[in-house]
Amino acid sequence: METSKTKRIALLSIMLALTIVFCFVPVQIGPISLAIMILPVLIIAQVEDFKMTTILSFMMGCINLIAWYTTKAASPIAPIFQNPIICIVPRTLVGVVAWLTSHGLKKLIKPSIKKGLQIALEQGSIILSTALGVMSNTVFVGIFTLLFYNNSTLKTGVAIDIEYILAWFGLNFAVEVIAFSLLVPPIVIALKKAKLAGVKPINKQEVLNKDVEDVSTVNSEEK
């Protein structure tokens, strides 16, 4: 049990470290800026419980908020993401949506079906939940931006309206959905093969019951 707990803590620490790096070091591909910081959360959502996923998602939002006040403060859109609601809430929802979708779909997969089909369906649930996680970030950032800044001009001179939001998020959204849907499944498979994730935690009650059964069996044999 201690080994399993240690692996979970180690995995969370690694993902948190990557989140910090990705929050402060943006990935720019031409005019497209990928929200690569959500990648660790999307991975954790596939292999860990709801509590750990939500904690990492919330921490990602808080770290990203700090980044917009420091290394990203010179960006023309910095005032938008310096709003805690716009920066933290959508980031937190990434993990929540991805986790609920992934684990909800996996519960629908019957263990009686063929192994090959079962694996295919599990991979499909990872891809779909990843896409919805990315979508939740984009959609809620867009909605909150319009609620707070629609038809207004930021102090940096950027005019915010529905056309700007659609143009701003449109291309980024398509690239992020494709990129993360391709990246997350193989990373999850690699973590499981390395036994760094997806290992069922030891249930204390099950262990106690097993010990009782073993003692009963020994006593019966002695008699």
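Colleague: Is Asn64 buried or exposed, and at what relative accessibility?

Modeller: Asn64 counts as buried, at 0% relative accessibility; buried means under 20% relative accessible area, exposed over 50% and partly exposed in between, with a 1.4 Å probe and protein chains only. This is a predicted model, in which local features need pLDDT of at least 70 and side-chain atom pairs count only at pLDDT 80 or more, while totals for chains, interfaces and linings use all residues. Residues are numbered from 1 along each chain as its sequence is written, and side-chain values use heavy atoms, with hydrogens and water left out.

Asn64 sits in helix 3; helices are DSSP runs of H or I with at least four residues, strands are runs of E with at least two, and both are numbered from the N terminus. Leaving aside residues up to four places away in sequence, Asn64 touches Cys23, Met37, Lys72, Cys87 and Arg91, a contact being heavy atoms within 4.5 Å. Asn64 and Ile20 are 44 residues apart along the chain, and 8.0 Å separates their C-alpha atoms.

Helix 3 itself is 20 residues long and spans 29 Å between its first and last C-alpha, close to the 28 Å expected at 1.5 Å a residue. That expectation is 1.5 Å times one less than the number of residues. Besides Asn64, the buried residues of helix 3 include Met52, Leu56, Met60, Ile63, Leu65 and Trp68, together with Thr53, Ser57 and Gly61.

Aromatic pairs come next. The whole structure holds four of them, where rings of Phe, Tyr and Trp (its six-membered ring) pair if their centres lie within 6.5 Å, and planes under 30 degrees apart count as stacked, over 60 as edge-to-face and the rest as tilted. Phe50 and Trp99 are edge-to-face because their planes stand at 70°, with ring centres 5.2 Å apart. Phe50 is in helix 3 and Trp99 in helix 5, so this pair ties together parts 49 residues apart in sequence. Phe50 is partly exposed, its relative accessible area being 34%. The rings of Trp68 and Phe81, by contrast, are stacked, at 4.7 Å centre to centre with 15° between the planes. Here Trp68 belongs to helix 3 and Phe81 to helix 4 (residues 78–81), 13 residues apart. Trp68 is buried, at a relative accessible area of 8%, and Phe81 is buried at 5%.

One joins the side chains of Glu48 and Arg8, at 2.8 Å from N to O. Glu48 lies in the loop between helix 2 and helix 3 and Arg8 in helix 1, 40 residues apart. The other pairs Asp49 with Arg8, with 2.7 Å between the closest N and O atoms. Asp49 is also placed in the loop between helix 2 and helix 3, so its bridge to Arg8 in helix 1 connects parts 41 residues apart in sequence. Through shared partners, Arg8, Glu48 and Asp49 form one network. Glu48 counts as buried at 8% relative accessibility, whereas Arg8 is partly exposed at 24% and Asp49 is partly exposed at 33%.

Last, the nonpolar packing. A nonpolar core is a set of buried Ala, Val, Leu, Ile, Met, Phe, Trp, Tyr and Cys residues joined through side-chain atoms within 4.5 Å. The largest such core has 30 residues, and those touching the most other members are Leu11, Met15, Ile38, Leu42, Ile43, Phe180 and Val184. Helix 3 (50–69) is among the elements giving two or more residues to this core, as are helix 1 (2–24) and helix 7 (162–193). The largest share, seven residues, comes from helix 2. Ile43 touches Met15, Val184, Ile187, Val188 and Leu191, again not counting residues up to four places away in sequence. Apart from this core lies another, of 18 residues, with Ile77, Ala78, Ile86 and Ile88 among them.

Note on methods. Salt bridge = Lys/Arg side-chain N within 4 Å of Asp/Glu carboxyl O.
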